[in-house]
Amino acid sequence: MSQVTSRLLAKDLKKSYGKVNAINGIDLHIDQAGVFAILGQNGAGKTSFIRCALGLESVTSGSLETMGNKPGSLSAKQQTGVILQDSDLPDSLTIKEQIQLFASYYPNPLSVDDTIAMCELHSFADKGYKKLSGGQKRRAQFALAIVGDPQLIFLDEPTTGLDIDARRRLWSIIREFANKGKTIVLTTHYLEEADNLADRIMVMNAGKIVADSTPEDIHKLVKGSVVRCQTQLSIAQLQSLSGGGSVTVSGRFSEIHTEQVNNTLAQLLSLDPDLQDLTVSQPKLEDIFGQLSQTGGGA
Ligand SMILES: Nc1ncnc2c1ncn2[C@@H]1O[C@H](COP(=O)(O)OP(=O)(O)OP(=O)(O)O)[C@@H](O)[C@H]1O
């Protein structure tokens, strides 16, 4: 077999459903191991991209290859694992039996016992799927995605609905698999997930990739500071001290995004001497994401 240089390659990819342009010209090249997060709001086009990459949807124009093959071809499938957003497993087989069955689809699978150990399934490998908790179900699905020892794995919102402990547990299993030289492409709404887990983040908005960088570099895209406090001042007053930056109110706290932090702080303290719980920090991914989503792209 010839050496595959691209694990995932998209060139000017477009996907429309009737008049809806779900993917609006994506260029993407992934040729390394690691975790690649596609981050975007509802309707950004993330699932459409994953479904095209799996050959579950035809592309409208442009080109797309997975592991050097046409998406959906046998050769692509044998080098790919997946958890889809609405993945469910039958209850008629135990988890271990399902892993054995999936292993049989691949030419060089991992051992079933190693897969059970890596995904921490010991305590429920002999149970049916419906008896598992949400976190256990996701780990069982992940076991099916990796048992074939694929180079490329797609995870569509793998941790949606999980509590933070279950999410962190799955993150560590995903990281471990990436560290074995695998490429994991996952979609998520969770900024914290992309920030903690990914080697590279692609922010999607309206069918386009509007930023594509390491988490550290994505953070650098937005300059300035975030001043957070509890204050009696109105949003209009806060806006007047932000130097053109944004103001958001979240519960009891107001947040001012400013590029002139000294000026903003001086005015804030003089206008409201009673303000409380003042902190100044670097913009979080939330702030950056909000700005990128509004710009509609250009990266
Ligand atoms: N099968 C379909 N038929 C028609 N329109 C569709 C279909 N699938 C997706 N769309 C539309 O394409 C756009 C992108 O949807 P997609 O599911 O890819 O976004 P997403 O980023 O995965 O959203 P979410 O985070 O809510 O899952 C949306 O406007 C959606 O309504």
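Modeller: Two strands pair if DSSP finds at least two bridges between them. This model is predicted.

Biologist: Over how many bridges do S8 and strand S9 pair, and in which sense?

Modeller: Strand S9 covers residues 208-213. Valine 203 stands opposite alanine 211 in S9. S8 and S9 pair over five bridges, and the sense is antiparallel.

Biologist: Which residue in the turn of the S8 and S9 hairpin has a positive phi?

Modeller: The hairpin leaves two residues between S8 and S9.

Biologist: Which strand is joined to S8 by five bridges and runs parallel?

Modeller: Phenylalanine 36 stands opposite arginine 200 in S8. The parallel partner of S8 spans residues 34-40, and five bridges join the two. That partner is strand S3.

Biologist: Why is strand S8 largely enclosed by the rest of the structure?

Modeller: S8 runs over residues 200-205, six residues in total. A residue counts as buried if 20 or more other C-beta atoms lie within 10 Å of its own. S8 is largely enclosed because the number of its residues that are buried is five of the six.

Biologist: Which residues does isoleucine 184 touch, not counting residues up to four places away in sequence?

Modeller: Ile184 is among the residues with the most contacts inside the largest core. Beyond four places in sequence, isoleucine 184 touches Val35, Phe36, Ile153, Leu155, Ile174, Phe177 and Ala178.

Biologist: What distance separates the centres of domain 1 and domain 2?

Modeller: Domain 1 covers 8-219 and domain 2 covers 223-282. Taken over C-alpha atoms, their centres are separated by 40 Å.

Biologist: Which element gives the most to the shell around the ligand?

Modeller: The residues around the ligand include Tyr17, Gly40, Asn42 and Lys46. The shell divides into four nonpolar, six polar and one charged. Strand S2 (20-30) and helix H1 (46-53) each supply at least two residues. The element that gives the most, with three residues, is H1.

How values were computed:
Residues are numbered from 1 along each chain as its sequence is written. This is a predicted model: local features need pLDDT of at least 70, side-chain atom pairs count only at pLDDT 80 or more; totals for chains, interfaces and linings use all residues. Domain bounds come from an automatic or database domain assignment. A residue is near a molecule or strand if its C-beta atom, placed from the backbone, lies within 6 Å of it. Helices (H or I, at least four residues) and strands (E, at least two) are DSSP runs, numbered from the N terminus. Ala, Val, Leu, Ile, Met, Phe, Trp, Tyr, Cys and Pro count as nonpolar, Asp, Glu, Lys and Arg as charged, and the others, Gly among them, as polar. A nonpolar core is a set of buried Ala, Val, Leu, Ile, Met, Phe, Trp, Tyr and Cys residues joined through C-beta atoms within 7 Å. A residue is buried if 20 or more other C-beta atoms lie within 10 Å of its own, exposed if 12 or fewer, and partly exposed in between; C-beta atoms are placed from the backbone. Two residues are in contact if their C-beta atoms, placed from the backbone, lie within 7 Å.
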